[in-house]
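Subject: Structure for you to look at

Hello,

Please find below the structure I said I would pass on. My notes on it follow.

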Amino acid sequence: MLTITAGNGDRSFVDLRKGCEVALSDSGLNEKNLEFLPYCTACHRDLFYSFRKGDTDKRQLAFIGVRL
């Protein structure tokens with residue numbers, strides 16, 4: 001189930017991690033094969049830049065790997 005939380009005013013927040021988990025599980029991937037890292041780009045600026053925190057001069061890369 002996708003989680004949407006009301007924010008201030010007309011803002012809403014979607015749990016993207018849970019959305020990915022549901023989509024992958026619905027497509028047949030066993031949940032025991034999923035691994036999520038506990039890092040947030042906004043909270044861990046020492047590890048990542050964050051566009052949301054004003055680091056607009058850099059780019060970010062995301063990837064999904066399949067272990068065979």
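From the N terminus on, the chain's elements come in the order β-β-α, which gives 1 helix and 2 strands. Please keep in mind that this is a predicted model.

Some overall values first. The chain has 68 residues, and 12% of them are buried. Its accessible surface comes to about 6400 Å², with 55% of that belonging to carbon and sulfur atoms. Among the contacts in the chain with a separation of 6 or more, 0% are between residues 24 or more positions apart.

The strands and the surface

Strand β1 covers residues 4-6 and includes isoleucine 4. Isoleucine 4 counts as exposed because its relative accessibility is 56%, and the cut-off for that class is over 50%. Isoleucine 4 also belongs to a nonpolar surface patch of about 400 Å², made together with Leu2, Val14 and Leu16.

With neighbours within four places in sequence left aside, aspartate 15 is in contact with Leu2 and Thr3. The C-alpha atoms of aspartate 15 and threonine 5 are 8.1 Å apart, for a sequence separation of 10 residues.

The side chain of aspartate 15 also has two backbone nitrogens to note. A polar atom of this side chain lies 3.3 Å from the backbone nitrogen of arginine 17. For the backbone nitrogen of lysine 18, the distance to a polar atom of the aspartate 15 side chain is 3.1 Å.

The salt bridges in the helix

Side chains of opposite charge can pair when their charged atoms come close. In this structure there are 2 salt bridges, and Arg17, Lys18 and Glu21 are linked by such bridges in a network.

Glutamate 21 is located in helix α1. In its salt bridge with arginine 17, the closest N and O atoms are 3.3 Å apart. Glutamate 21 and arginine 17 are separated by about one helical turn, because they are 4 residues apart in helix α1. The salt bridge between the side chains of glutamate 21 and lysine 18 has an N to O distance of 3.8 Å. Here the two residues are 3 apart in helix α1, so about one helical turn separates glutamate 21 from lysine 18 as well.

How accessible are glutamate 21, arginine 17 and lysine 18? Glutamate 21 counts as buried because its relative accessibility is 14%, and the cut-off for buried is under 20%. Arginine 17, at 46% relative accessibility, counts as partly exposed. Lysine 18 is likewise partly exposed, at 28% relative accessibility.

Which residues does glutamate 21 touch, not counting those up to four places away in sequence? They are Glu31, Leu34 and Phe36.

If you have limited time, I would begin with two places.

Regards

Terms used:
Residues numbered from 1 in each chain as written. Predicted model: local features only at pLDDT ≥ 70, side-chain atom pairs only at ≥ 80, totals over all residues. Heavy atoms only, no water. Patch = residues over 30% accessible without salt bridge, like charges linked within 9 Å, V, L, I, M, F, W, Y side chains within 5 Å. Areas by Shrake-Rupley, 256 points an atom, 1.4 Å probe, with all protein chains shown as cover. Salt bridge = Lys/Arg side-chain N within 4 Å of Asp/Glu carboxyl O. Buried < 20%, exposed > 50% of the residue type's maximum accessible area, 1.4 Å probe, protein only. Contact = heavy atoms within 4.5 Å. Polar contact = N/O pair within 3.5 Å; in protein donor to acceptor, adjacent residues only side chain to side chain.
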